[in-house]
Amino acid sequence: MGGNFAIHYYMRSEQNTYTRPPLQPQCSGSMNFRELRFARAMEFTIHEINNRTDLLPGITLGYQIHDTCFEVLMAVKVAFQYANGMELFFNDTDSCSKSGAAAVPTLAGETSSTLSISMSRVLGLFGIPQVSHYATCACLSDKRQYPTFFRTVPGDQNQAAALAKIVKHFGWTWIGAVRSDSDYGNNGMALFLKAAQEEGICVEYSEVFYRTQPRSRLERVANVIRRSTARVIVAFVHEGELRLLLEELTRQPPPPLQWIGSDAWIMDPSFLRFNMCAGAIGFGIPPSVIPGLREFLLDLSPAQALKSPLLTEFWESSFSCSLKGSSEGARECDGSEDIRALQNSYTDTSQLRITNMVYKATYAIAHAIHGVICNDTQCDKSAKFTPWQIRDQLKRVNFTTKNGFQVSFDSSGDPVAVYELINWQFKKDGGLDFVTVGQYDASRPRGQELSMNRAISWMGGQKEVPRSVCSESCPPGTRKAVQKGKPICCYDCIPCAEGEISNKTDSLNCIHCPPEFWPNTQRDSCLPKPVEFLSWDDTLSIILTAFSITGAFIAVCVTAVFYKHRASPIVRANNSELSFLLLFSLALCFLCSLTFIGQPSEWSCMLRHTAFGITFVLCISCVLGKTMVVLMAFRATLPGSNTMKWFGPPQQRLSVLAFTLIQVLICVLWLTISPPLPFKNLQQYKERIILECGLGSAIGFWAVLGYIGFLALLCFILAFLARKLPDNFNEAKFITFSMLIFCAVWVTFIPAYVSSPGKFTVAVEIFAILASSFGLFICIFAPKCFIILFRPEQNTKKHLMGKVPSKAL
């Protein structure tokens with residue numbers, strides 16, 4: 001099997017002179033000790049597999065390991081080398097047969113997404129499966145383009161979703177973003193920005209750069225970060241780009257920033273020296289322990305190092321000496337070098353995260369080969385197989401490694417996404433260290449993937465969660481209005497309109513209160529509207545009640561006076577029977593106004609209008625009868641007239657009864673067809689409910705009023721005709737005046753009734769009843785009572801007949 005690792009940072013190449021064949025590209029520059037550890041972890045895993053009896057029994061795995069030095073050109077070259085079996089760096093292939101369609105049927109690696117993409121396009125043509133330990137680009141999950149690609153590290157689509165959730169979890173809606181100008185950075189950031197948009201997160205800036213670009217590009221990105229108002233920055237970058245960016249920012253430090261890191265750098269201990277990143281959080285691969293690996297890495301002697309150019313370079317660069325004169329000008333290694341005393345990323349096995357992904361990838365390949373050439377107890381050493389068979393078997397592998405990790409692949413060649421939430425916290429000595437504060441497990445139910453188990457230290461070591469918003473949250477009672485030309489996270493807080501509320505922070509819209517509710521002063525909750533009606537304890541009600549009772553009491557008193565003086569000429573001359581009936585009806589008119597006060601109910605609504613209509617008709621019928629008596633009396637004095645026999649007491653009673661029965665019939669029809677019932681008037685006032693009696697049938701209501709008006713007008717006309725008839729007992733002029741008041745009151749009542757607000761509508765109706773009742777009472781009975789009580793000398797038959805000169809009243 002093959003292995004791909006970027007053990008160097010750069011590639012050395014010569015410019016083509018076209019005069020001689022070009023030289024092959026070679027890796028150069030400083031050595032990446034971490035990648036070397038990955039390569040040796042693969043070597044360790046293969047030795048462990050070869051020593052097992054339950055996995056590939058009787059079969060020995062060999063390996064080829066290549067250095068791609070983070071360059072696409074080198075990665076493509078290596079991919080073709082795998083296909084034709086040429087040029088190795090260090091290997092163990094003595095027992096391997098070179099027969100078959102491909103020299104290497106499968107490989108582990110590459111670390112970089114960009115390099116993995118380049119290699120997979122080549123290897124896919126030959127069907128050679130590739131199991132990467134750290135290529136996270138989501139694009140590699142596309143099996144149409146990369147049919148032979150697998151990985152033991154979760155894809156960036158999972159990390160992007162996890163990063164968006166953590167940003168949303170802490171309420172950051174205004175962030176900055178930087179990325180590497182590579183497949184890893186561009187694809188990862190695109191996925192994050194999509195997830196962030198779905199979470200309602202806005203990005204102030206999104207900058208991109210690569211380590212080989214001109215320095216001016218890096219300076220521009222640094223200046224954007226310094227000028228930014230966002231206090232949170234998401235960095236989807238390789239460690240190479242981040243190192244350059246942090247060094248540039250150190251020259252002129254920006255305000256404190258909360259760094260959110262991708263797995264490419266959040267676990268890299270070389271960045272712990274940058275204190276500006278204190279409090280950084282991000283998702284990393286869970287740590288592990290690989291028994292025996294540390295001893296294997298440290299079991300390296302100068303003699304063993306000389307067997308491989310890479311190990312020789314590692315030894316010499318670590319101890320600054322030359323092994324047997326391999327480097328000119330350097331001191332020769334004298335054997336005192338102690339590899340156990342080294343402190344670098346090669347010897348650091350405290351948190352084996354990516355190294356465990358190499359371990360799992362190597363085991364996955366071994367299990368796939370086992371599934372192709374072995375049965376339960378033995379393997380066929382002479383079996384012929386193709387890389388496509390290994391690929392198909394990789395889809396079905398499902399096992400647990402010796403250190404307890406489950407390994408399997410889904411249909412896209414990806415594992416289940418499990419991350420640890422890493423936080424950079426200060427230690428007691430002032431240095432930074434990685435602390436696990438939570439976990440993200442994509443296999444959990446939706447919404448429960450993220451869990452926290454420890455306090456987080458934020459930027460600069462502060463304990464409180466930093467704020468990073470374009471606009472402060474809109475409190476309840478307001479809604480968000482996006483500022484023109486700016487992202488949705490930049491908004492103004494607009495108070496809710498009349499009748500609307502918002503009962504949560506950052507509401508996008510205000511909601512209308514239900515019809516019987518109205519917002520409170522803060523407009524963050526709906527309160528029941530106050531119900532308004534003319535209640536008994538209302539000052540206006542008390543005044544109107546006092547007038548009503550006073551009027552009824554005066555009517556009773558006048559009745560008593562009239563009854564006591566019933567034999568006097570003035571009482572007898574003015575039709576005492578109709579006078580008593582009129583006093584009775586006036587008392588009822590005064591009292592019926594009381595039915596309009598208090599909370600409307602079904603019975604009170606029907607009673608108030610019908611009682612008012614019937615009593616007023618009874619009252620006006622009596623006045624009309626008295627008026628007709630006056631006219632008939634003078635007509636009866638003419639020679640040969642017998643008019644009075646057609647309008648005697650029986651006829652007067654019958655006319656009053658007939659007029660009243662007509663009103664009773666109108667009221668019965670009104671109550672039967674569509675009676676007045678209580679209802680809540682929600683339209684007149686927005687902020688309160690008017691509890692009133694609905695008319696039911698408007699025709700019925702206006703028919704009742706119209707009939708009263710008709711009788712009043714008829715009475716007025718008759719009284720007007722009789723106003724100048726002779727003799728002192730003629731009361732037509734008083735009836736005329738009373739009807740004039742009555743008509744004036746009710747003509748002005750109609751517009752006042754229609755336009756009066758709320759409970760004042762009822763008050764206007766009561767006032768009209770009382771005013772017209774008092775008008776009738778004063779005009780008709782006040783003069784008579786005055787004569788009875790204060791001018792008894794005028795209460796004589798002679799005076800009433802006009803035989804005694806009368807004084808002006």
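Reader: Which residues does phenylalanine 5 touch, not counting residues up to four places away in sequence?

Author: Contact means heavy atoms within 4.5 Å. Phenylalanine 5 touches Glu35, Phe38, Ala39, Met42, Ile65, His66, Asp67, Thr68, Glu110, Thr111, His133 and Val358, with residues up to four places away in sequence not counted. Aspartate 67 is 62 residues from phenylalanine 5 in sequence, yet their C-alpha atoms are 5.3 Å apart in space. One caution on the source: this is a predicted model, where local features need pLDDT of at least 70, side-chain atom pairs count only at pLDDT 80 or more, and totals for chains, interfaces and linings use all residues. Residues are numbered from 1 along each chain as its sequence is written, and side-chain values use heavy atoms, with hydrogens and water left out.

Reader: Where is phenylalanine 5 found? Is phenylalanine 5 buried or exposed?

Author: Helices (H or I, at least four residues) and strands (E, at least two) are DSSP runs, numbered from the N terminus. Phenylalanine 5 lies in strand S1, residues 2-5. Buried means under 20% relative accessible area, exposed over 50%, and partly exposed in between, with a 1.4 Å probe and protein chains only. Phenylalanine 5 counts as buried because its relative accessibility is 0%.

Reader: What does the side chain of asparagine 344 reach?

Author: A polar contact is a pair of N or O atoms within 3.5 Å; within protein, one must be able to donate a hydrogen and the other to accept it, and residues adjacent in sequence count only if both atoms are side-chain atoms. Here the asparagine 344 side chain reaches the backbone nitrogen of tyrosine 346 at 3.0 Å. Asparagine 344 sits in the loop between helix H10 (309-319) and helix H11 (354-373). Its relative accessibility is 17%, so asparagine 344 is buried. Beyond its neighbours within four places in sequence, asparagine 344 contacts Phe33, Phe314 and Ser318.

Reader: Which backbone angles deserve a look?

Author: Most residues other than glycine have a negative phi, and most peptide bonds are trans. Cysteine 69 has a positive phi of about 45 degrees and is not a glycine. Phenylalanine 70 also has a positive phi, near 60 degrees. Cysteine 69 is in the loop between strand S4 (63-67) and helix H2 (72-84). Phenylalanine 70 is in the loop between S4 and H2. Cysteine 69 is buried at 0% relative accessibility, and phenylalanine 70 is buried at 15%. The peptide bond from glycine 109 to glutamate 110 is cis, with omega near 10 degrees. Glutamate 110 is in the loop between strand S6 (107-108) and helix H3 (113-126).

Reader: How do I read a helix pair?

Author: Two packed helices are described by the angle between their axes and the distance between the axes. Axes are lines fitted to C-alpha atoms, for helices over the stretch in contact, and angles run from 0 to 180 degrees between N-to-C directions. Helix H13 (residues 539-564) and helix H20 (residues 759-790) cross at roughly 25 degrees, with axes coming within 10 Å.

Reader: What orientation do H13 and H20 have to each other?

Author: Angles under 35 degrees count as roughly parallel, over 145 as roughly antiparallel, 65 to 115 as roughly perpendicular and the rest as oblique. H13 and H20 are therefore roughly parallel. Their contact includes Phe547 and Gly551 of H13 and Phe774 and Phe777 of H20.
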